[in-house]
Amino acid sequence: MEPIYIEPWESEQKYQRLAELGRKLKIPVSEAFLTLKVTDRDGIILHHTKQRSHSWTRNAYQMLMTCLSAVQNAGTYSDGSLAAKKTDGTVVSSVFLLCTGNQGSSFGGSTETAGKGYRGAVGDPSTGISIGRGDTAESFDGYALALPCAEGTGANQLNYLAGEAVIRAYDAPSKTLSATHKRYANNNSPGTITVKEIGLIAYAVKGTTFPALMCRDVLVSPVDVPASGQILVTYTVSLVYPA
């Protein structure tokens with residue numbers, strides 16, 4: 001069963017125009033999509049939607065600029081600085097990169113290793129795809145979920161599975177390279193959990209390691225996960241190459 005695409009048509013038209021301009025101007029355009037699937041204890045699908053992901057944070061663009069410019073810059077988490085901010089609010093005022101290879105004992109693997117990059121470890125929502133109940137407005141300067149669902153079986157808590165291995169694919173007709181990240185979470189609490197926000201938290205590298213929120217999406221319509229139910233969150237990040 002394919003998800004219902006809920007991106008507003010007015011917004012979708014703008015994204016499509018942006019991709020078309022990229023092809024005409026020979027500039028690759030990045031895209032991101034968020035898919036949510038909720039099932040009950042019997043596996044019956046209760047909710048299945050797909051939309052654009054709209055809210056890469058300053059952290060994401062700080063890292064991108066660091067890579068493109070080969071510059072590291074101490075400073076604040078603000079314009080004119082390439083500093084990053086951890087999910088606890090601490091500013092990391094130095095180079096900010098994601099690991100693409102073995103960085104020694106401080107990281108111990110690549111971003112595709114379980115527990116690294118966007119692949120959160122089992123029972124640990126502090127990195128990877130994380131789920132929350134907060135509806136504070138999205139912000140470019142955001143660095144944490146407003147009200148994250150902790151690991152556990154108590155009220156409003158979820159049991160997080162490990163992030164699945166990333167799926168890479170290339171679609172030649174559309175010249176699109178995509179990377180798909182998935183994570184399941186089970187509601188073993190006594191009641192329904194109303195999901196209002198989703199975050200993508202990277203386990204990042206700067207000599208040492210730290211969690212950094214790269215994307216936070218506040219859902220237009222909250223999604224209920226019933227007791228004994230399960231939610232699957234999928235982020236697909238893609239690059240549309242120019243013709």
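Leu-68 has its place in helix H2, which spans residues 58-69, where helices (H or I, at least four residues) and strands (E, at least two) are DSSP runs numbered from the N terminus. This is a predicted model, in which local features need pLDDT of at least 70 and side-chain atom pairs count only at pLDDT 80 or more, while totals for chains, interfaces and linings use all residues. Residues are numbered from 1 along each chain as its sequence is written, and side-chain values use heavy atoms, with hydrogens and water left out.

Leaving aside neighbours within four places in sequence, Lys-182 is in contact with Ile-129, Gly-163, Glu-164, Leu-232, Val-233 and Thr-234, contact being heavy atoms within 4.5 Å.

Val-233 also belongs to the largest nonpolar core, which has 30 residues, and is among those with the most contacts inside it, as are Leu-36, Ile-131 and Ile-198. Such a core is a set of buried Ala, Val, Leu, Ile, Met, Phe, Trp, Tyr and Cys residues joined through side-chain atoms within 4.5 Å. Elements giving two or more residues to this core include H2, strand S6 (128-132) and strand S12 (230-240), and the largest share, seven residues, comes from S11. Beyond its neighbours within four places in sequence, Ile-198 has contacts that include Leu-36, Ile-131 and Val-233.

Key
Buried < 20%, exposed > 50% of the residue type's maximum accessible area, 1.4 Å probe, protein only.
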